[in-house]
Amino acid sequence: MTTHSSSQTCSAVVGLQWGDEGKGKAVDILAAQHDAVVRYNGGANAGHSVVVKGERFSLHLIPSGILYPGKLAVIGNGVVVDPWKLVEEVEGLKKRGVDTSGLVCSDRAHAVLPYHKTEDALREDLLKRNAAALAVDERGVSEIGTTRRGIGPAYADKAQRACAIRMGDLLRPEVLREKLDVAVAMKGPALTGLARTLGVNAEELNRDALIQQCTEVGQKLAPLIKETTHLLHAQLGAGKKILFEGANGSLLDVDHGTYPYVTGSTCISSGIGPGTGVPTTRVGRILGIMKAYSTRVGGGPFPTELKDAIGDGIRNRGREFGTTTGRPRRVGWLDLVAVKYAAMINGATGLCLTMLDVLAGVEEIKVCTAYRINGAETTQFPPDAYDLQRVTPVYTTLKGFAQDITKARRLADLPAEARRYIDFIEQSVGVKADMVGVGPDREQTLTS
Ligand code: GDP
């Protein structure tokens, strides 16, 4: 493990693939050594699952650190928040006896409104229809495969500014009224136009109903909505340790991912600065989470995708069905070209390899170590979807292991083939594995 200067008291957990790497469990484990856990990007499209003493918790907006009593859990300004989902999540946790008193949501986080979800769905339907009509899949015109939770449209409004609503606005009736006036004027015609193109009905936006809904939800959330940048700096000033929890995955990053099949936010570690107001230079440890294989949800290129019985076996053993949507995830061999790129753009100081147990019984494990493109071999990852669609993976085959490894508690308990797999990954990526997951529970994590 890397040593850090005393000003670098923060850590980050980031996904090195297309999301769903098992970040929730890593955050849950690291939260024990930190005072605050902070989300900096994404919205309710993320879905972390954490298993504590056999009990499974699925969190979408609230940082997984909430499962430790007494920790500060912050939804940073870089997150887009569906306020109704947040109320639902808080109430769900309270019902299960979880103490949510440490939860704070930035007043500058942007709100996802019902019309953002409508827009998301209509846009996706339009892309799907066009792709079917044009029979093209790789030119960036096919369905992006979003979760239809309104994340992209909310981020787009944030950049457009004119009718964006921030969480703090939910508490200012006069501002809310004015903003919703503009939103209805701008969004209404756009939505009915999209719906008309698709030949479907779109409900007219009702300004008064929106004002009422937003005011009501604002009242419920009022105790949580606060200024968070100074709050976090006060924590740092008091010598507290902060853990930043990345949502989605590096290959879904809006700039560095497989554009346009990406999400609307900065998922990589450099999103911490804009998404929280804490300089990224304060982060000394960046733990990159990666599965022992690859998965992807939604559209977009996936060079190592498996569409056979091996892929089906991995999907079933790894329970590869979305936490947010329940959709079966696409499954493939580990792509080290992609992971190495992700580790590089995040500045990963350590790896957390998850789901190694899922590969038990796979006789020969293939790992992609290079791409062939236009007749030449490369180890550089081409993130643009058009380019990535055209690569052929070059594989190295490693011997698999047959044994169940879910009871292993030390790296030495693993069969030699599993250890060799870990060594191979460390050497290829050039970063050491700090943690190895052999099952969903906290205890099923081996540390080096
Ligand atoms: P996240 O979005 O990155 O937090 O990932 P998800 O929560 O969507 O997916 C991770 C899933 O894998 C959850 O159901 C975890 O309980 C589970 N999980 C995490 N680590 C391991 C592991 O090492 N082995 C197995 N079998 N399951 C794991």
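Helices (H or I, at least four residues) and strands (E, at least two) are DSSP runs, numbered from the N terminus. The tour below uses these names. The structure is a predicted model, in which local features need pLDDT of at least 70, side-chain atom pairs count only at pLDDT 80 or more, and totals for chains, interfaces and linings use all residues. Residues are numbered from 1 along each chain as its sequence is written, and side-chain values use heavy atoms, with hydrogens and water left out.

**First stop: the ligand**

The ligand is surrounded by 21 residues, and the closest are K23, H48, S49, R56 and D357. Helix α1 (23-31) and strand β3 (48-52) each supply at least two residues of this shell.

Colour the shell by class next. Ala, Val, Leu, Ile, Met, Phe, Trp, Tyr, Cys and Pro count as nonpolar, Asp, Glu, Lys and Arg as charged, and the others, Gly among them, as polar. On that basis the shell has five nonpolar, nine polar and seven charged residues.

Now display the polar contacts, which are pairs of N or O atoms within 3.5 Å; within protein, one must be able to donate a hydrogen and the other to accept it, and residues adjacent in sequence count only if both atoms are side-chain atoms. A polar backbone atom of K23 lies 2.7 Å from an oxygen atom of the ligand. For M355, a polar backbone atom is 2.9 Å from a ligand oxygen atom. The protein buries 94% of the 580 Å² that the ligand exposes when taken alone, by the Shrake-Rupley method with a 1.4 Å probe, where for residues only the protein chains shown count as cover.

**Second stop: the salt bridges**

Side chains of opposite charge can pair when their charged atoms come close. A salt bridge here is a side-chain nitrogen of Lys or Arg within 4 Å of a carboxyl oxygen of Asp or Glu. The structure holds 24 of them.

Select E320 and K291, whose side chains meet in a salt bridge at 2.9 Å, N to O. This pair links distant parts of the chain, 29 residues apart: E320 is in the loop between α9 (309-317) and β13 (330-332), and K291 is in strand β11 (residues 283-291). Buried means under 20% relative accessible area, exposed over 50%, and partly exposed in between (1.4 Å probe, protein chains only). E320 is buried, at 0%, and K291 is buried, also at 0%.

Move to K187 and D157, a salt bridge with its closest N and O atoms 2.9 Å apart. K187 belongs to helix α5 (residues 173-198) and D157 to helix α4 (residues 151-160), 30 residues apart. Both K187 and D157 are buried.

**Third stop: the backbone**

Most residues other than glycine have a negative phi, and most peptide bonds are trans. Select Y259 and P260, which are joined by a cis peptide bond with omega of about 10°. P260 lies in the loop between β10 (242-245) and α8 (272-276).

Finish with R319, where phi is positive, about 50°, although this residue is not a glycine. R319 is found in the loop between α9 and β13. Is R319 buried or exposed? R319 counts as exposed because its relative accessible area is 56%.

Note on methods: Near = heavy atom within 4 Å.
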